[in-house]
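Here is a short note for someone opening this structure for the first time. Please keep the model at hand while reading.

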Amino acid sequence: KGAVSTDDLRQIKTQVELSNTYHLHVRPGDEIVKKMGGLHRFMNWDKPILTDSGGFQVMSLTGLRKLTEEGVTFSSHVDGKKFFLSPEESMKIQHKLDSNITMCLDECVKLPAPYETVKKSVEMSMRWAKRSREAFIDRDGYGIFGIQQGGDYEDLRGWSAEQLKNIGFDGY
């Protein structure tokens, strides 16, 4: 959101810049960023860029979204316009942004939460992780990372880690 300038990031020796997929999709729009040459040119940034998947907004914008197995329908916090974010769509958006480190779409549960709620969320997140991996466009210098889930439950975090390892990501 422009809180820190590119010059400031260089001055503090930032190695990787994090950008928010949801917010960039809503404003200015991933198509605009793509037409401008991707985030690197858009920001005048010559180092790696990591984009989140939009998964945090699944939790933080609970009142503005509808969650299903297929994905999430959001009402934009800016203008109320509806849009759908699936694992496949998240990968397309992050590709248009020209992100070096793409994160798979997941559901981030607000904690504390009951075990069964977290378990259902982790199971869906792992299905979404597989769909994200399948939709990712492999190319040199780019990678997709899996996101471990499980909240406060050690067994669910362990299961999540194993599932992600079995899917096969470039990082975790």
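The points below take up a sheet and then a single tyrosine.

1. The model is predicted. The remarks that follow should be read with that in mind.

2. Three strands make up an open sheet, in the order E3-E4-E5, and their pairing is antiparallel. As background, strands in a sheet pair through backbone hydrogen bonds, in either a parallel or an antiparallel way.

3. Which strands stand at the edges of this sheet? They are E3 (65-67) and E5 (82-85); each has a single partner strand, so one side of each is without a neighbour in the sheet. From one strand to the next, the twist averages 15°.

4. Strand E4 covers residues 72-75 and is joined to E5 by four bridges, the two running antiparallel. To find the pairing in the model, look for Val72, which has Leu85 of E5 opposite.

5. The second topic is Tyr153, which lies in the loop between strand E7 (143-145) and helix H8 (154-167). Is Tyr153 buried or partly exposed? Its relative accessible area is 23%, so Tyr153 counts as partly exposed; the cut-off for buried is under 20%.

6. What does Tyr153 touch beyond its neighbours within four places in sequence? Its contacts there are Ala113, Pro114, Tyr115 and Val118. With Ala113 there is also a specific approach: the side chain of Tyr153 reaches the backbone oxygen of Ala113 at 2.7 Å.

Conventions
Residues are numbered from 1 along each chain as its sequence is written. This is a predicted model: local features need pLDDT of at least 70, side-chain atom pairs count only at pLDDT 80 or more; totals for chains, interfaces and linings use all residues. Side-chain values use heavy atoms; hydrogens and water are left out. Two strands pair if DSSP finds at least two bridges between them. Axes are lines fitted to C-alpha atoms, for helices over the stretch in contact, and angles run from 0 to 180 degrees between N-to-C directions. Buried means under 20% relative accessible area, exposed over 50%, partly exposed in between (1.4 Å probe, protein chains only). Contact means heavy atoms within 4.5 Å. A polar contact is a pair of N or O atoms within 3.5 Å; within protein, one must be able to donate a hydrogen and the other to accept it, and residues adjacent in sequence count only if both atoms are side-chain atoms.
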